[in-house]
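Here are my notes on this structure, point by point. Please keep the sequence and the coordinates open while you read.

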Amino acid sequence: MDKSVMLDKKTKEYLLTGTKAETLEFLENIEYNVPSVFYFTVKEWKENKLDLIEKVLAKYEGNLLAIRSSTKAEDTADSSMAGAFESILNVKLNAESIDKAVEKVIASFDEDQTNQILVQPMVTNVAMSGVIMTQVLDDGSPYYVVNYDDKTGLTDTVTSGATVNKTVYIYYGVDRNDFDSPFLLLVLDLIEALKLTFPNIPLDIEFAINKSMEMSLLQVRKITTVNTWKMHITDQVSDRMLYLKEYVGQLMQNRPHLYGQKTLLGFMPDWNPAEMIGVVPHPLAMSLYRELITKRVWSVAREKMGYRKMPNVELMISLFGRAYIDVRNSINSFLPEGLPSAISEKMVNAYIERLNKFPFLHDKIEFEVVHTAYDFDFEKNFQERYPDVLSREEFLNYKGLLRNLTIKAIDDKYESSLNVAIRDIEILKSIQKVKYLQDGNSFSIADQINTQIDECKNYGTLPFSIIARHGFIAEGILRSAVSNKGISEERVKEFKSSFNTVAGELSEDFQRVLKNELSKDEYLSKYGHLRPGSYDILSPNYANREDLFEGIPRKNQHSIKPFKLSKEETSKINILLGEHGFDNIKAEDLFKYAKKAIIGREYAKFIFTKHLSEILENMAEWGKIEGFTRDQLAMLSIEDVLSVLIAPLTDDTKSYYERKIDKAENNFSVASSFKLSYLIRSVRDVHIVPMQRSEANFIGNRRIEAEVVELTPYTKEIPLLENKIICIEGADPGYDWIFTRNIGGLITKYGGANSHMAIRSAELNIPAAIGCGEQPYNRIVAAQKCLLDCQRKNLEPIELS
């Protein structure tokens, strides 16, 4: 029968809001492959149980059964009641088993005797099962959302919330040639057929595909969240999609003065915008991040350290408001200056190909993909990852240049890039002691903001970028010293715990406030500028958090223990240094360098974010004068505000900026509805969006099972955090205050092994999973309790109910 059977819309609506059994019976009758349907009411069961059991036995000879609920309360126009009633799978085909299963299903019902029990044969030899939404559940954007399990061979892992499932978003305008999975093509066929049967009705579909590539339809119902969806969102996303696809295609081509045949786009490689400003940042936050770091500062910092002098390209791009790193640009900036073009081209292509092949490394490229410095494992790792890329002569050339760059970085000369950067940070600190005079008009404040941005770049983010890169170099060498048996991992942890960073001082000073040894005003004068979401004007800073000093303080604060290399460690590391050509560097030099870089990175971040905070607060003052709230200001770019310094406005100030804010708010809303992956590898990834999983960076070896508390930059009232596992999106230093509480553990959605929160968790011996990825993070927050087992590298949600 034609799947687009001629039924009026009202009748089709009734079928989708009737009972599960009635809908499936209808679909079976029009020749969908629905496991054979048999159903009866509670009343019929109570009056004629034995006869019904006999009918079931006769109808399903030789099959295991699924005995499912089919109540009037399920799948209505307003509520699906998904999972509210019992379903029993793999029921044996005998009278006793059927009787027990039916009674158990009925026991989950209300008193309505017309509720139905649905009986079907189990689908066997399952290769893939899952759930499809024909529009995105929370906003109605135009994607098919396929949540599936292709591992266990079971049919209920997705609906039961098990963690084996995967997710892919498929845009409506997808080309069938873009698919490389025959299973997903079968899914697309099913979706297209059901949309003919039920046109203009958003559907929630359950399916299973067996190993013979036969599709079984297990359930269809109307999505019930339609009334909460954004108006016109399908048209708004679709109107932009063609331009997005063209733009990504252009980025993927060869570009002048850049090595590499193509690029990849990710929101966690290199400067990690997902962690620092969010996947869909407010325009003000993104524009500040661009101006202070990703426009030019990022590449100038690397040039000063001996990396390649880059052409005038930017690190971060915006895909209709979603922040991405251009990976080719990033990799080019890690080539040592003087590397011949032929070698550079080969290496950039090889690095991109490795990340393309192993996309789960998207947040670890500086340790697992790109060789950004020389360490004791360089040759071994290079040969394992890129055995046939370079000739021996080319390899020795590359190795020599990277080693010289690394030796130059460690060398403790007065004019070394690390020492210069540390001195520049002190210049910024001295500038901060000078208070600007306020003239009380918006033009003057814009002028002041412009000056502060220039100061922050020259003496803040630029030296911070250099110090942070030194931190990565130090971390890589220490890791390779461990893998080469020069020192144990435990001893490296002891080394990192042997000195205090500014974050450690924050915790100590917090304790002093609680003991009345330090006034709250003194504390806030030093730390009041910190805020979760350092670039976000909507995130209150410490000075504006009235409950900062409430709650239960952390116990057993981190204590500093002196560290000294043993003679054996010194000897082994000196041998390693000698074997690898670090002729004038000794073990103590290496550890002195690592200490300076680690402390310097945290200190530099602390200082430059004070300037950043002042910029944001001056923006708020500008807004107050012009009549704009912080929410409205978040929708302006920094260029919008500073444009008054170079040209007059074409309208009165209020009207001019209101139009910009209205347009930005609409664009921001649409940006949130785009579904784009962590890593875009080709144009087809704009239409088919797999949600790549991140491998969390586990800190320590402790195990904790506890309730979770999610904090956001906008959390105004701080809940009780003692012994809880804290969940935050990014590893932003503005969350340092959580370490003043006696938290049990930490989970972040984004962040790497070398991120601020990873360092702090290691310092304080707090079990943590840094950068676990979107899907695991969301499941844990939804479950409200989880297991965090750092020893076994396991992170699992635990349902409270």
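1. Start with helix 15 and helix 21. This is a predicted model. In it, helix 15 passes helix 21 in a left-handed crossing. Helix 15 covers residues 417-432 and helix 21 covers residues 587-626. Their axes lie 10 Å apart, at an angle of about 30°. Angles under 35 degrees count as roughly parallel, so helix 15 is roughly parallel to helix 21.

2. Which residues of helix 15 and helix 21 meet? From helix 15 come Leu418, Asn419, Ile422, Ile425, Glu426, Leu428, Lys429, Ile431 and Gln432. From helix 21 come Tyr593, Lys596, Ala597, Tyr603, Ala604, Ile607, Phe608, Lys610 and His611. By class, the contact of helix 15 with helix 21 holds eleven nonpolar, three polar and four charged residues.

3. Next, helix 16 and helix 17. Helix 16 runs over residues 442-483, and helix 17 over residues 489-496. The two pack at an angle of about 145°, with axes 9 Å apart. Their crossing is right-handed. Helix 16 contributes Glu475, Leu478 and Val482 to the contact. Helix 17 contributes Glu489, Val492, Phe495 and Lys496. That contact of helix 16 with helix 17 has four nonpolar and three charged residues, but no polar ones.

4. Stay with helix 16 and look at Ile449, which sits in this helix. Is Ile449 buried or exposed? Its relative accessibility is 0%, so Ile449 counts as buried. Leaving out residues up to four places away in sequence, Ile449 touches Ile615, Asn618, Met619, Ile638 and Leu642. Leu361 is 88 residues from Ile449 along the chain, and the C-alpha atoms of the two are separated by 38 Å.

5. Now take Asn125. It is placed in the loop between strand 4 (116-121) and strand 5 (126-133). With 54% relative accessibility, Asn125 counts as exposed. Asn125 and Lys211 are 86 residues apart along the chain, yet their C-alpha atoms are separated by 5.8 Å. Neighbours within four places aside, Asn125 is in contact with Ile209, Asn210 and Lys211.

6. On to the aromatic rings. How many aromatic pairs does a search of the whole structure find? The search finds 36. In one of them, Phe26 and Phe198 have ring centres 6.1 Å apart and planes at 55°, so the pair is tilted. Phe26 lies in helix 2 (residues 20-29), and Phe198 in the loop between helix 5 (182-197) and strand 8 (203-210), so the pair ties together parts 172 residues apart in sequence. Phe26 and Phe198 are both buried.

7. The rings of Phe378 and Phe382 also pair. Their centres are 5.8 Å apart and their planes at 35°, so this pair is tilted. Phe378 and Phe382 are separated by about one helical turn, because they are four residues apart in helix 13 (residues 378-385). Phe378 is buried at 1% relative accessibility. Phe382 is buried as well, with a relative accessible area of 1%.

8. Where do Phe378 and Phe382 belong among the aromatic residues? They are part of one aromatic cluster, together with Tyr351, Tyr374, Phe376, Tyr386, Phe395, Tyr398 and Phe582.

9. Last, helix 26, residues 774-783. The buried residues in this helix are Gln775, Pro776, Tyr777, Arg779, Ile780 and Ala783. Just after helix 26 comes Gln784, which takes a positive phi of about 75°.

Note on methods:
Residues are numbered from 1 along each chain as its sequence is written. This is a predicted model: local features need pLDDT of at least 70, side-chain atom pairs count only at pLDDT 80 or more; totals for chains, interfaces and linings use all residues. Side-chain values use heavy atoms; hydrogens and water are left out. Axes are lines fitted to C-alpha atoms, for helices over the stretch in contact, and angles run from 0 to 180 degrees between N-to-C directions. A crossing is left-handed if the near helix is turned anticlockwise from the far one by less than a right angle, and right-handed if clockwise. Contact means heavy atoms within 4.5 Å. Ala, Val, Leu, Ile, Met, Phe, Trp, Tyr, Cys and Pro count as nonpolar, Asp, Glu, Lys and Arg as charged, and the others, Gly among them, as polar. Angles under 35 degrees count as roughly parallel, over 145 as roughly antiparallel, 65 to 115 as roughly perpendicular and the rest as oblique. Buried means under 20% relative accessible area, exposed over 50%, partly exposed in between (1.4 Å probe, protein chains only). Rings of Phe, Tyr and Trp (its six-membered ring) pair if their centres lie within 6.5 Å; planes under 30 degrees apart count as stacked, over 60 as edge-to-face and the rest as tilted.
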